[in-house]
Amino acid sequence: MINESLIQRTEIFVQEFLKHDATGHDWWHIHRVNEIAKRLATEEGADPLIVELAALLHDVADHKLNDGDEQKGMSRVEDFLRAERLGEEVIQAVLKVIREVSYKGAGVPTPVTSIESAVVQDADRLDAMGAVGIARMFTFGGAKGRAMFDPNIPPVDHHNEDMYRNAKSTTFNHFHEKLLLLKDRMNTAGARRIAEGRHQYMAEFMQRFKKEWEGLS
Ligand code: ADP
Ligand code: NI
């Protein structure tokens, strides 16, 4: 049985930390990731406590929310888990999942080393796909002041995380730089199934967008 009051305190901690975010890392992103992660965890037989804590805390460590310093973010998560007096094994397992979750660019592998990491990484990536993924993408692009689309600017093939974070590109290019690549990077069968439908929807959206751009529909 998962300790419900621990989960509630974790939720409050995360809500407080993310309340000013306008780049798609808001509380509702965490909520959606957590819901899907819990389902995948049941299907995969992953440890439910590790999965839920990691899903809830994964963006507290995000470098975008820690002045570009990922280590600072990891310490923030670790301090929270220690204050909750969780066992060393649980703490290390949660931190490992969080370290492995993030997308780092088109050509950058992001291997997972536990079933709990596999599940949380899949859940986080599913939330970057489909209708919600498209909405998050344009929200992020708007917050960064990026051009929505420019037919003269090609997508970037990132070779490292720095390129992924800093290369000049348009918001629409993010489809090619990340969103369309996610379907084939899912770890679990359940996530692959969900990704299929979300991918299809994004492909249709892109076709329609291009047609409207040319004034053809
Ligand atoms: P994570 O792997 O932790 O989800 P990302 O920073 O890749 O981290 O993604 C966070 C959200 O912001 C996702 O919805 C993602 O698609 C979106 N995003 C990230 N970079 C861009 C970008 N350059 N343009 C548009 N959306 C982006
Ligand atoms: Ni996330």
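Visitor: Hi! How many aromatic pairs does the structure hold?

Guide: It holds 11 aromatic pairs, counting Phe, Tyr and Trp rings (six-membered ring for Trp) with centres within 6.5 Å. This is a predicted model, where local features need pLDDT of at least 70, side-chain atom pairs need 80 or more, and totals for chains, interfaces and linings use all residues. Residues are numbered from 1 along each chain, chains are lettered from A and ligands numbered from 1 as written, and side-chain values use heavy atoms, without hydrogens or water.

Visitor: How are the rings of F149 and W213 arranged?

Guide: Their centres are 4.6 Å apart and their planes meet at 85 degrees, so this pair is edge-to-face (over 60 degrees; under 30 is stacked, the rest tilted).

Visitor: And which parts does that pair tie together?

Guide: F149 is in the loop between α7 and α8, while W213 belongs to helix α10 (residues 189–213), so the pair links parts 64 residues apart in sequence. Helices here are DSSP runs of H or I, at least four residues, numbered from the N terminus.

Visitor: Switching to ligand 1: which residues are closest?

Guide: K64, Y103, Y164, H174 and K178 are the closest of the 16 residues around ligand 1, each having a heavy atom within 4 Å.

Visitor: Which side chains have N or O atoms by its oxygens?

Guide: R165 has one 2.8 Å from a ligand 1 oxygen, R136 has a polar atom at 3.2 Å, and S102 has one at 3.3 Å. The cut-off for such polar contacts is 3.5 Å between N or O atoms.

Visitor: Which element gives the most to the shell?

Guide: α7 does, with 3 residues. The elements giving two or more are α7 (130–143) and α8 (161–166).

Note on methods
Polar contact = N/O pair within 3.5 Å; in protein donor to acceptor, adjacent residues only side chain to side chain.
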